[in-house]
Amino acid sequence: MTDPMRETLNRWKAAFDGHQVDAMANLFTPDALFQGFGPKVVTGRDAVRAYYEAVPDDRTAEVAVLSTYTVGDEVAGGFADVTFRDPKGWEAAVHLSLVLRRDPDTWRIRQYHVSRVIPEG
């Protein structure tokens with residue numbers, strides 16, 4: 001059995017690094033709950049697409065999967081650490097949690113939440 005979390009995050013990273021906003025939105029369920037860097041939770045693919053359209057296209061993501069789980073054949077998820085960067089030296093580390101749902105053709109993100117990591121010291 002494949003690991004749905006790793007499989008989905010590999011597709012997410014490829015789309016994010018390539019600034020492919022339609023591919024990004026397609027990774028999510030039509031009714032997805034999404035909270036990125038902002039305080040507002042948004043719902044649906046159109047909101048996800050709008051969020052990623054606003055991300056500068058030179059940003060990339062480094063992903064380290066920390067934990068994964070599955071619940072039967074239809075639900076999976078887990079946690080990852082993600083560091084976003086750009087060529088000018090900007091960097092932001094986050095904890096990412098995902099809940100995934102199995103659609104007939106692939107796993108999709110049903111819930112996405114990031115929490116910014118504040119460096120100690």
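Contact here means heavy atoms within 4.5 Å. This is a predicted model, in which local features need pLDDT of at least 70 and side-chain atom pairs count only at pLDDT 80 or more, while totals for chains, interfaces and linings use all residues. Residues are numbered from 1 along each chain as its sequence is written, and side-chain values use heavy atoms, with hydrogens and water left out.

Q: What does tyrosine 112 touch?
A: Not counting residues up to four places away in sequence, tyrosine 112 touches Trp12, Phe28, Leu33, Phe34, Gln35, Gly36, Tyr52, Phe84, Leu96, Ser97 and Leu98.

Q: Why is the largest set of 27 residues called a nonpolar core?
A: The name applies because such a core is a set of buried Ala, Val, Leu, Ile, Met, Phe, Trp, Tyr and Cys residues joined through side-chain atoms within 4.5 Å, where buried means under 20% relative accessible area (1.4 Å probe, protein chains only). The largest one has 27 residues, and those with the most contacts inside it are Trp12, Phe28, Tyr52 and Tyr112. Its largest share, 5 residues, comes from helix 1.

Q: What makes strand 4 and strand 5 a pair?
A: Two strands (DSSP runs of E, at least two residues, numbered from the N terminus) pair if DSSP finds at least two bridges between them; strand 4 and strand 5 have 11, in the antiparallel sense, and therefore qualify. Glycine 78 has leucine 98 in strand 5 as its bridge partner.

Conventions
Buried means under 20% relative accessible area, exposed over 50%, partly exposed in between (1.4 Å probe, protein chains only). Helices (H or I, at least four residues) and strands (E, at least two) are DSSP runs, numbered from the N terminus.
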